[in-house]
Amino acid sequence: MWTSLGAVTEPVGPRATSGRFWAVVLGAAAGLFLLGFLIGWFSKPTENKTSVSPHEEMKAAFMAEMKAENIKQFLYNFTQLPHLAGTKENLHLAQQIQAEWKEFGLDSVQLVHYDVLLSYPDDTKPNYISIIDEHGNEIFNTSLSEPPPPGYETVRGVVPPYSAFSAQGMPEGELVYVNYGRTEDFFKLEREMGINCTGKIAIARYGKIFRGNKVKNAELAGAKGVILYSDPADYCASGVDAYPDGWNLPGGGAQRGNVLNLNGAGDPLTPGYPAKEYTYRLDKASGVGLPKIPVHPIGYHDAEVLLRNMGGYAPPHSSWKGNLNVSYNVGPGFTANYSTRKVKMHVRSQNEITRIYNVIGTIRGMVEPDRYVILGGHRDSWVFGGIDPQSGAAVVHEIVRSFGSLKRKGWRPRRTVIFASWDAEEFGLLGSTEWAEENAKVLQARGVAYINADSSIEGNYTLRVDCTPLMYRLVYSLTKEIPSPDEGFEGKSLYESWYKKNPSREYKEVPRINKLGSGNDFEVFFQRLGISSGRARYSKNWNVEKYSSYPVYHSVYETYEIVERFYDPTFKNHLTVAQVRGGLVFELANSVVLPFDCRDYASAVRNYAHIIYNLSRNHEEELGTYSVSFDALFSAVKNFTEVAASFHERLQQIDINNILAVRSLNDQLMFLERAFIDPLGLPGRPFYRHVIFAPSSHNKYAGESFPGIYDAMFDIKNKADQHEAWDEVKRQISIAAFAVQAAALTLKEVA
């Protein structure tokens, strides 16, 4: 039976006395230990309040590792010579980056080559524009090159301004001023003013839309050639001097650039397939997206001479006038005193198959090595590339160095991280597209996300982000952790300054995030393969600064000095962009549960459905006549919204120690973007396969939502067969409804 401690029955004696002594000693020791333990326990801060998880600890170390002074030095190193795609200088830069990424500690770094169609001016037969008299004598010729910036007078290998992939030719004819060369500009000329552009040479100012769209529009209008120029209204900020005294474009500066209309095809001769040695190639003359007419860019000093004596019609609206001292008459041709004069183009550029090189570096994931997070940006530049692309390449270099620093200390990401330095982006996103084509099957099975890293700055006002709706919550969360570099926001977060300066127009109380369009290396990953993508850079105040892009874009004046003197002297904005891009990669590669939120996708799709429906209501009568209904789309959107909410609830309850459960839900998140991919592609654009997002058919740079429906309804009143036109609208609505419903099914609980 149990007895109480007070009922001791052992006889009193020496042994009993000794036992009691040791019992007292041991009891006191135990009591003191217990008291100390309790004091220590209750005085210890609770884990939820102050402990830092290994993930957060490593992220903090990664963010702290990145330094502005390193980015500054890398930018200087990358901008001392031109790095035109296909040149030995750009190969040498690729080899330098490869060697340094190896030194930084990546597991592997490889050069991956492709043989693609590129375009260069003829060194012996320069491109230029002439004004000729009735006898064919040249009485004015445009400049053959740009005046070099101070300190660069002796640098060799500077390619003169040209339009890559222009057709060869020497057409002559009357000049027609077509404003920006947009679809609506040609509609104005042809439909409202009765001006026929057939057989004419069009002169268009840069800005508003992608230059390749301008050329395509002119070609469709019957023009025999296109002259592109940078008007001060679009390439000079008010109150700012021209470079080198300020950051505006000098009058002799001209914008290089490709004039292709690839629509995502990659190398024009191997559309859909990697341009390797074994690949079948189309004939050079029948390559995808090549313009059929000559194109050439000039500076605004030369443009002023061409436009000075324009005759014909007055500009139809004040919006057609730039800031040159000319009438901006539309033409065709010159005024009566100069009516016998014409314009003649001399374009002799040549297309040639050339080898390009991507640099591909890898850190193998520790837990999920078969899941890839990719950070990529291009390396090739038209000349020195002070902003485009080297301000981005320098940031990528510092991100790679910082990841390598963590790896050398024993850390590895959960998932594999792939770093890419793309070649030939300026020639049509060729390096990234060819690599994605070669690895398409693997990427579709394993690609988690792609973060793009072109120019880090195009202004110094605030952050600009374009991304899939899946990343909205991640971007907002990350920017709340990063300090703002902006004056007046000391001690505040990047999120706060971004929201204050650029609030969303679609959602309440959050900063604005833009749709992904194209014109950059994320295109193949997002628009063709359905891999969630995003990009971030520092930008200008688009509400006030109306000039296009940044003034010296793609000119010889994009130097290291213009960045260091005017755009970001302390490189604090570069560092902020590095932390955003690097932080996104870190979270995507290292979070146990992927930081995607499908509820934001549902909200975006619902918003886009209402926008396209409201657009259709401009044709109320036709909607009734041809029995056009959006009911199926709205039903699918409702289902997707409900399923996304249900999925998110399940995600909150997941046991993160259950590896299979985590993997299963992560795969549903990863493959959600793929669910919006239509393997048949958009009409006439088979390599743009995303049903929710695509580059605008009228401006490659801009993103369009529900592009199939939008394009079907565009200018529909002027289509000859109305029944056929509205049938196509109904077909596109059904495709969109199917895609949204199919996406909803992928989020349902796995049986």
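Is Trp101 buried or exposed? Trp101 is buried, because its relative accessible area is 1%. Buried means under 20% relative accessible area, exposed means over 50%, and partly exposed is in between, with a 1.4 Å probe and protein chains only.

A word on the source. This is a predicted model, in which local features need pLDDT of at least 70 and side-chain atom pairs count only at pLDDT 80 or more, while totals for chains, interfaces and linings use all residues. Residues are numbered from 1 along each chain as its sequence is written, and side-chain values use heavy atoms, with hydrogens and water left out.

Now the overall view. The protein chain has 751 residues, and buried residues make up 58% of them. Its C-alpha trace spans about 140 × 70 × 55 Å along the principal axes. The chain holds 23 helices and 19 strands. Helices (H or I, at least four residues) and strands (E, at least two) are DSSP runs, numbered from the N terminus.

A pair of aromatic rings is described by the distance of the centres and the angle of the planes. Rings of Phe, Tyr and Trp (its six-membered ring) pair if their centres lie within 6.5 Å; planes under 30 degrees apart are stacked, over 60 edge-to-face, and the rest tilted. The whole structure has 38 aromatic pairs. Take Trp101 and Phe419: their ring centres are 6.4 Å apart and their planes sit at 65 degrees, so this pair is edge-to-face. Trp101 is in helix α5 and Phe419 in strand β14, 318 residues apart, so the pair links distant parts of the chain. Phe419 is buried too, with a relative accessible area of 0%. Both rings belong to a cluster that ring pairs build from Phe62, Trp101, Phe403, Trp411, Phe419 and Phe586.

Strand β14 also carries Trp422, which pairs with Phe525 of helix α15 (residues 523-528), so parts 103 residues apart in sequence are tied together. Trp422 and Phe525 are both buried.

The test is NZ of Lys or CZ of Arg within 6 Å of the ring centre and within 35 degrees of the ring normal. Lys480 lies over the face of Tyr495, 4.7 Å from the ring centre.

On a 1 Å grid over the protein atoms alone, a cavity is a set of points where a 1.4 Å probe fits but cannot get out; a pocket is an open set with protein on both sides within 12 Å along at least five of seven lines; lining residues have an atom within 4 Å of a point. Grid points are joined across faces, edges and corners, and a volume is the space filled by probe spheres set on the points.

How many cavities of 30 Å³ or more does the search find? It finds five. The largest cavity holds about 90 Å³. It has 15 lining residues, and Leu682, Val691, Gly708, Gln732 and Ile735 lie nearest its centre.

The second largest cavity has about 60 Å³. Trp101 turns up here again: the lining residues include Phe78, Ile97, Trp101 and His378. Helix α10 gives the largest share of this lining, three residues. By class, the lining has six nonpolar, four polar and one charged. Ala, Val, Leu, Ile, Met, Phe, Trp, Tyr, Cys and Pro count as nonpolar, Asp, Glu, Lys and Arg as charged, and the others, Gly among them, as polar.

Of its 32 lining residues, His55, Asn590, Ser591, Val592 and Val593 are closest to its centre. Helix α3 gives the largest share, five residues. The classes are 17 nonpolar, seven polar and eight charged.

Last, the backbone. Most residues other than glycine have a negative phi, and most peptide bonds are trans. The bond from Gly331 to Pro332 is cis, with omega near 5 degrees. Asp388 and Pro389 are also joined by a cis bond, with omega about 10 degrees. Pro389 sits in the loop between β13 and α10. Asn179 has a positive phi, near 60 degrees, and it is buried, with a relative accessible area of 0%. Ser549 has a positive phi too, near 50 degrees.
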